[in-house]
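Welcome to this short tour. Please open your viewer and keep the selection tool at hand.

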Amino acid sequence: MNRKKALQALGIFFLVMCLLTVFSRSVDSFRVSQVTTSPIKKMVIDHSIIGTGNVESTKQQAVFTVAQMKITSMNVQEGDQVEAGDLLFQVDMKTLKKTRASIEAEMEQARLTQEDARQQNQLAQEKQDSDLAHAQESYDQAVALADLEVAQAQEDLDLAQEELNEFYDASADGLSAEEGAGQDEQSLAEQVREKEKALETAVANREQSVLAARQAVEAASLPAQTDSSAQIQEVIIRQKQADLDEVDALVNQEGKVLAPSSGTVSKINVSAGGQTTEEAVLLIGQESENYQLTASIDASQEEYAQAGAEVELTDQEGKKLKEKGTVKSVNHQKEGGLSVVISVPSSQVEIGESLDFQITKESQVYDCCLPLTALYENDSDYFVYVVEEEDSVLGNVQTVRQVPVEVEEKNETTVALKSGTLTNEQKIVVSTDKAIQGGSRVRLAKS
């Protein structure tokens, strides 16, 4: 009897131990992180740029009108089809007439200013002519007076030389020379020298006075510094006349602005009640073989948006267009980012229609690719977790080990790693339901 009870107790003990072991393992399994793994794969990495833009015509006709006009009514909307001669918008006639009166007043003021400038220029020219005539007269007088002084000096020199020559002739004829005759010869020779100096002085004075008079003539002959106000006012008058002609044309049309050609209203810059500027009031897109779509993208995507790249297009109903678009150009914007212009086949779209676009660029083939969720970063160093099996008191368990890796390329979903670090047999963690670290125990999610 005691033996039977002992066997029963022992059986109960082993049963309880088994139940406790199962319970312990169950509790432990809930504490251990559950992970999903993946082997490395050979793949290409796609880089996609997505966005939305409105279809525009590549042939745009701008519609202008007189600036500073109030628009009383706008008769079209963006996307409307118009024919040449259709009413686009109406401007306020009262404002238009005030503008006309203002332009006429400005033209009259410009004419008066121009006339004053012309009179001032005429007076300046007359003064120059008078100064030149006076300078020329002074020059003639200076030359005549200087020539007279030189001639007189020459005559005085000739007379002194003649007296000296007569003295020498008398001495040569043997006439007795009285006492003091030597003094007469010396006096006559000194007189000749004085007259020679006087002639030299007269010639020098002539050169100076004639030079000064000539410089005065040349100075008076220089072009007068006329005021260019008359020419400036002439330009202003011509511009005002052009403005007046534009206003008159609009007055004759009773302030109505008509479509210059057929097409689609692609953009309106001023609404009813607004005021016109020097810019176009609206743009009319004309039909052509290709339209275009312009959109902004992030500057970091520049290397994936190259001119000539194919573009998939989708309408707002989610339907893909049969024909693909093409990137025409990519330009930097002043405010940052990039502006991409895409050529769109006109046979499948209309001006003003909104389209979604996707530009895709494929990389080279990489041997070691994983989902991006497998990649971890620590102080600019990258690593992945690899699942490994270990023996423990609980039996065969699975843990994770950090493996440093080098990133070759990545996109929003996939990363390409440098080959040689990981093998095809390894199980790399791509997701986990709890935070893990190197050495953490894990359990594989059931597939």
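Is Thr65 buried or exposed? Select Thr65 to find out: it counts as buried because its relative accessibility is 10%, where buried means under 20% relative accessible area, exposed over 50% and partly exposed in between, with a 1.4 Å probe and protein chains only. A word before moving on: this is a predicted model, in which local features need pLDDT of at least 70, side-chain atom pairs count only at pLDDT 80 or more, and totals for chains, interfaces and linings use all residues. Residues are numbered from 1 along each chain as its sequence is written, and side-chain values use heavy atoms, leaving out hydrogens and water.

Thr65 lies in the loop between strand E2 (41–63) and strand E3 (71–74); strands (E, at least two residues) are DSSP runs numbered from the N terminus. Now show the contacts of Thr65, meaning heavy atoms within 4.5 Å. Beyond four places in sequence, they include Phe89, Glu246 and Val257.

Next, follow Phe89 into its sheet. Phe89 has Val257 in E6 as its bridge partner. Strand E5 (residues 87–91) and E6 pair in the antiparallel sense over three bridges; pairing requires at least two DSSP bridges between two strands.

For the last stop, select strand E16 (residues 407–410) and strand E17 (residues 414–417), an antiparallel pair with three bridges. E16 and E17 form a hairpin with three residues between them, and Glu409 stands opposite Ala416 in E17.

Definitions and conventions: Helices (H or I, at least four residues) and strands (E, at least two) are DSSP runs, numbered from the N terminus.
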